[in-house]
Amino acid sequence: MRCNNIFLIPLLFFYALSCGNSAETNQEKIRTAKKNSKPITVSSQKNSSKKNKASKKNQNSAFPKIKAPDFNLADLDGNILNFSAYEGQVVMLTFWGTWCGPCVKEIPDFIELYDKYNKEGLEIVGIAIQSGSPENIKLFSEHYKINYPILTDINGNESYKAFSDYGTISGVGMRAVPTTFLIDRDGYIVKTYRGARPGNVFLKDLKPYL
Amino acid sequence: MFRYLVIYTFFYACTCFAQIVNPVTIDVTSDSLVRAGEVVNIEISAKMEKQWKIYSIYKIVDGPLPTEINIKGDIISEIGKVIEPEPIEEYDPGFDVTSFYHKGNTLFSSQVLLKDDLPPGNYEISVMTYYQVCNERLCYPPVEKNNVVKVKVEPGEPRIEKTTLTSLKKNHNGENGLSSFLNLIIIAVGGAILSWVMPCVYPMIPIIISFFGKVSEDKNIGRSSVAALYGLGIAGTFIFIGLLVSFLSWGVEDAAVQTGYANIGNFIATNAWLNLALGVLFIFFALWMFGIINVNVTGALLSKTDQAGQNAKNAYLGSFILGVAFAITSFSCTVPVVGMLLVVAASGTATGLFTSLLGMTIYGVVFAFPFVILSLFPSSLEKLPRSGIWMEKAKVVFGFIELAAAVKFLWVPDIEWGIGLLPRSVVLSLFLLIGLCLIAYLSNLFSFQGSDVNDQKSISYIGIGVTLVVLAPLALSLFSGPTYHYSGLPRFADELIEAMVPPPPTEDEIAIKEGWYVDDYDGALEQAKKQGKPLFIDFTGIYCANCRVMERRIFPLENIKNHFDNMVLTRLYVDKKDSLSSVYAQMQFERYKTATQPYYVVLDPSNESTLVDTGGYIPNGFDKFLSRGLEKFNIKNMD
């Protein structure tokens, strides 16, 4: 077993790097601003080495703690916010899109969770990716009666960059939505969900952190 | 140990791969060896696992984004419709709609026609595919993939069997012949039924009644054959126009010439001389109805001689001519439908000929039907109780309507020649005046020829009521200066009024003040490039009623204005009688294969490629259309 672990570390490192590199080529295929793609790669490599350190440090714990990356995004009224706006709360950061059926299916559960636990310090933040103008998203969120804050691009493709950062650092990689990150009061990602989940799964997981 | 290493490497390579690559690969293939002027088949294959759904190109619902495929290349002269497999229909619990998608590996196909002056050599065609994929739990955000296929052009004349795009011109849903055939029938029959109630039609009705009334008095004339000839006159005119356009554009590949033929309909509706003639004719009819002028038209048609045999001959000829005259006078109201069928005819192919011939035949026959019935039984109308007075009153009422129609025809040459005698306000006042006279007549305040008018009170009251209902929106418009457009009307009333009165003279001036580039595509394009904004084109016409509705009612809405702020706007008229208009009409026909207005396009100024375009009149959904254009522009310009 020990042998396996020894092999695991360099492999992990190699894997993280190669992911970073292929992420770059993929980045070009996906519509992201060229000027953005370079910094992402740089940060992803930095992040992966950080992650490596983190995983070394937390080798014995089941879930290595990863600090949630910061972001710069706009709310639907155009105010620019970063992660510090939600510091000190338990945050469920969910990446979604107005064109994504499975994401929309999750919305009623988020609304209910937010209703019940916002007072106890739960913040749910939906980051809308490639979903058009803020007005568009606003109409959409009014239609589905979304009660939790929604963030989106400032004027380019910032939401996708944030998604990329979170995906790379948490190791889930990827680009599919919905992907939800549970972040504790100290700003560490404690759980990642790729794909839609029912509300009780989220509730069970976030309860201990409230 | 080594085994572990291999397993781990394999495992991580797999997860890494699976996480990063979008689950779809797009491969594009085409015929590789072709000749100039030939059709190239293009196949776009989207490869993915069974669990993934890629959404339908044509069956679009509120929710997942439809797939888009754009084919481009300098060597292409025409691009056919992209054909997709029949999509799977399934309820989407997230969006609460029925969604349409393809599952697993999906093959899209299309055809392009190469230019016929290509020198032999190697060329490229680029294919842009934009799509999102989802499975039950996840979606990948929409991505754009660009593929290039290589085509080798060999020397030689194009082979006949390879020169027709079979996928072209199927602009409506469905890929099989049956559904486009059904579509054609629906357009032709529906359009014909709509044309029955158009105001251009009923001024002719008293003439038909009196003509056939006279004819039926003569026992020697076969009533049914007269009616049939009359029907033939109506239907034949439409069929003839369809055939004429088809033959004129047969083998013509120059889009400019084709546009000219397809716009014959427009020409007839807007030609100054023709409208002047119609206006004068209608005033003449009105005076005749009023009994002020006493010309025996039916007599003239039947005149020459009283001999029975001759008489019958003249009656046959007369009814045919009346049919032709009827079709032509109704043309200015029936042109939207006829125009649509003419565009098909102008495609210059056998299919085009067949389709337009069929469409025009159906249209002509259906349109002629009630009037043939009317001509069969004119006597039964006359035998209605108190027929004499009844007819007299109806004739005068029709006379007023004909006067109004005359005004509608006369403002066309007035605008065309820039005389300025009949601006919008004057036309509105004239309609009001005519209406008030009609009310006065129906209230027995005056009469023509002192005829006995002391009966049928209830019908008179209904007539007065109807007239008041019609006058109300006209009055509201007249008192909404300076544009003389009252914006609080329901849309159908607006559409009706705009069809009847000239556009406000300051339309262009107002538009220019609002920042529109009116009839200045090049200026707008330059500005759009400079500002880095998408370019919005509004193909419009001075005589296009629905354009006015869009411009007045939809464009000023707050959310539309906000979208417009992020675009450079140009308004291109296609029916002004100047060379620019014909250039813009040609541009619309060449680029977008349509000749009807309004037509809206949002395009990327950097390469003039279409971001989104509409089928035309979309009072609802225009907001969405614009935001979609902006969105696509923003995404495109991130690369």
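**Strands, sheets and a chain overview**

Phe539(B) has Leu572(B) as its bridge partner in S14(B). This pair belongs to a predicted model, in which local features need pLDDT of at least 70 and side-chain atom pairs count only at pLDDT 80 or more, while totals for chains, interfaces and linings use all residues. Residues are numbered from 1 along each chain as its sequence is written, and chains are lettered from A and ligands numbered from 1 in the order in which they are written.

Strand S13 (residues 535-540) and strand S14 (residues 568-573) of chain B run parallel and are joined by 6 bridges; strands here are DSSP runs of E of at least two residues, and helices are runs of H or I of at least four, numbered from the N terminus. Two strands pair if DSSP finds at least two bridges between them. In chain B, 5 strands form an open sheet of mixed pairing in the order S12-S14-S13-S15-S16. Strand S12 (517-518) and strand S16 (609-613) of chain B each have a single partner strand at the edges, so one side of each lacks a neighbour in the sheet.

Another open sheet of chain B has 4 strands in the order S1-S3-S9-S6, with antiparallel pairing. S6(B) is joined to strand S9 (residues 106-114) of chain B by 3 bridges, and Ile79(B) has Val112(B) as its bridge partner in S9(B).

Turning to chain A, the chain has 6 helices and 8 strands, which follow the pattern α-α-β-β-β-β-α-β-α-β-α-β-β-α along the sequence. Of its 210 residues, 40% are buried, meaning that 20 or more other C-beta atoms, placed from the backbone, lie within 10 Å of the residue's own.

Key: Buried ≥ 20, exposed ≤ 12 C-beta atoms within 10 Å, placed from the backbone.
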